[in-house]
Amino acid sequence: MPHPLPNSPSTLLVLLRWLLLLIPLAFVVGSLNALFLYLLDYASHTRADNPYLLYFLPLAGVVVVFIYRRFGKNSESGNNLIIDEIHQPGAGIPARMAPLVLISTVVTHLFGGSAGREGTAVQIGGACSAAYGKLFKLSGRDYQILLSAGVAAGFSALFSTPLAATIFAIEVLAVGRIRFDSVIPALFAAILADLVCSAWGTPHTQYKIDFLEHVMLFEHVVHVDLIMLGKVLIAAVAFGITGYLFGETVFVLKDIFKLVFKNPYLIAVIGGLIVIGIVSLIGNQDYIGLGVNSYREGGVSIISAFNEGGAEWYSWMLKLLLTAITLAAGFKGGEVTPLFFIGATLGNTLAWIMGAPVDLFAAIGFIAVFAAATNTPLACTIMGVELFGSDHLLYFAVACFVAYYFSGHTGIYSAQRVAVPKSTNFAAHEKTLGEIRAANNRLVSWLKKRSK
């Protein structure tokens, strides 16, 4: 067997080359995401201080649609365009994607859309890395690796979770398969972008689980409570089904809007009016915007969900519905932070029902619904450790992987390919989730027949 030592110098040179290439890219992506987070924070506080801005949401939707139709080219495809380009370069990622998605996401949040921020950060990373690759004339596998590194950089700068961002960038491409040839460049980019974003003084939300476990079995200390594990398993099934419901609701509403209203400007107006109507019925603005913090006393948010009584039993449903309407109507942002909200508030409710620790189940729901909707259980398990500590790693892993299996062959990224099916009787090898959804969408098929 040949010894790897003779190849070590060339391997070291390859790593050094990637490090030198990624330093300027990480600086740009980290800096742009720092700017984005500052603008997003300003927009959120401005809307909270001026609740009437919500009534301009339909007009904001028209502006967002106009921006993308006039200047967007193929940027409208967002994260799916980046995933497709990593799989098979050719369509091209326009550099304008970065400023367009940054501006439109800030507009969405300023006027009360229920959306996230991950999609924006990933698109900033993908657009910057594509432009950088063209500058240095990278092609083939090097270009694909650079795009994955850009995705990792954007995700890491946003959430300050470099290891989870690294795994996410290579796990999100295909269901059931991870290509590790991108892992070191992605890790370099994630670490550097996080350092740059943090160096700008950008605040990241801090989470904490106070629950500590000390389990005795036959007078011996054991590392897992079987009763608690059973509760986590039950909750994980619910988290998986919820991840499935979120993804399907967004895509079904998009299809319905297109079939019924057709005009994208009208769709944005109708979607904005529906959000205004629902918020008016609720009587507060807890379920629009990011939802990380509440801007009123006793309000529901991701942070409040970690405390007893910090969420209503229906909180996760309201956030799911409002986010699905916002995104389906053409507003920009992302799905991940709303998924955190949905998972944390559902975890709060399940903890109350099953008599489990609220903070632990909020944290498990936070990552497990994300894992189910994005088909990235390994990245989400690692994210749990980076955000909440390693004391409950076993529960994190069980919840994420069980939720992943119970979400089925669906997800929020239609460009994901099924490399390894989740069940042996599912024959859809190398098909995209979008193709699978189109083949099985009976509701849309029925609507199309009715509209003829």
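Q: At what angle do helix H2 and helix H4 pack, and how far apart are their axes?
A: An angle between two helices compares their N-to-C directions. In this predicted model, helix H2 (residues 57-71) and helix H4 (residues 97-110) pack at about 170 degrees, with their axes 10 Å apart. Angles over 145 degrees count as roughly antiparallel, and H2 and H4 are therefore roughly antiparallel to each other.

Q: Which residues of H2 and H4 make the contact?
A: On the H2 side they are Leu57, Ala60, Val64, Ile67, Tyr68 and Phe71. H4 contributes Leu100, Val101, Ser104, Val107 and Thr108. By class, nine of the residues in this contact are nonpolar, two are polar and none is charged.

Q: How does H2 pack against helix H10?
A: H2 and helix H10 (residues 264-282) meet at an angle of about 150 degrees, and their axes are 8 Å apart. That angle makes H2 roughly antiparallel to H10. The crossing of H2 past H10 is right-handed. From H2, the contact uses Leu57, Pro58, Gly61, Val62, Val65, Phe66 and Arg69. From H10, the partners are Pro264, Tyr265, Ala268, Val269, Gly272, Leu273, Val275 and Ile276. This contact of H2 with H10 has 12 nonpolar, two polar and one charged residues.

Q: How many disulfides does the structure hold?
A: A disulfide is a covalent bond between the sulfur atoms of two cysteines. The structure holds zero disulfides. To count as a disulfide, two cysteine sulfur atoms must be within 2.5 Å. For Cys128, the closest cysteine sulfur is in Cys197, 13 Å away, which is too far for a bond. Cys400 is likewise in no disulfide, and the nearest cysteine sulfur, that of Cys380, is 5.3 Å away.

Q: Are Cys128 and Cys400 buried or exposed?
A: Residues under 20% relative accessible area count as buried. Cys128 is buried, at 14% relative accessibility. Cys400 is buried too, at 0%.

Q: Where is Asp286 placed, and which residues does Asp286 touch?
A: Asp286 lies in the loop between H10 and helix H11 (315-328). With a relative accessible area of 7%, Asp286 is buried. Leaving aside residues up to four places away in sequence, Asp286 touches Ser294, Arg296, Gly299, Val300 and Phe341. Separation along the chain and separation in space can be read side by side: Asp286 and Ser114 are 172 residues apart in sequence, with 9.8 Å between their C-alpha atoms.

Q: How many residues of helix H7 are buried?
A: In helix H7 (residues 162-171), nine of the 10 residues are buried, so H7 is largely enclosed by the rest of the structure. The buried residues are Pro162, Ala164, Ala165, Thr166, Ile167, Phe168, Ala169, Ile170 and Glu171. Their cover includes helix H5 (118-135), helix H6 (140-159), strand E1 (174-175), helix H8 (183-199), helix H13 (358-374) and helix H14 (377-388).

Q: What is the phi of Ser160, and what is the phi of Lys262?
A: Phi is a backbone angle. Ser160 has a positive phi of about 55 degrees although it is not a glycine. Ser160 sits in the loop between H6 and H7 and is partly exposed, at 27% relative accessibility. Lys262, also a residue other than glycine, has a positive phi near 65 degrees. Lys262 is in the loop between helix H9 (226-260) and H10, and is exposed, with a relative accessible area of 59%.

Notes. Residues are numbered from 1 along each chain as its sequence is written. This is a predicted model: local features need pLDDT of at least 70, side-chain atom pairs count only at pLDDT 80 or more; totals for chains, interfaces and linings use all residues. Side-chain values use heavy atoms; hydrogens and water are left out. Axes are lines fitted to C-alpha atoms, for helices over the stretch in contact, and angles run from 0 to 180 degrees between N-to-C directions. Helices (H or I, at least four residues) and strands (E, at least two) are DSSP runs, numbered from the N terminus. Angles under 35 degrees count as roughly parallel, over 145 as roughly antiparallel, 65 to 115 as roughly perpendicular and the rest as oblique. Contact means heavy atoms within 4.5 Å. Ala, Val, Leu, Ile, Met, Phe, Trp, Tyr, Cys and Pro count as nonpolar, Asp, Glu, Lys and Arg as charged, and the others, Gly among them, as polar. Buried means under 20% relative accessible area, exposed over 50%, partly exposed in between (1.4 Å probe, protein chains only). A crossing is left-handed if the near helix is turned anticlockwise from the far one by less than a right angle, and right-handed if clockwise.
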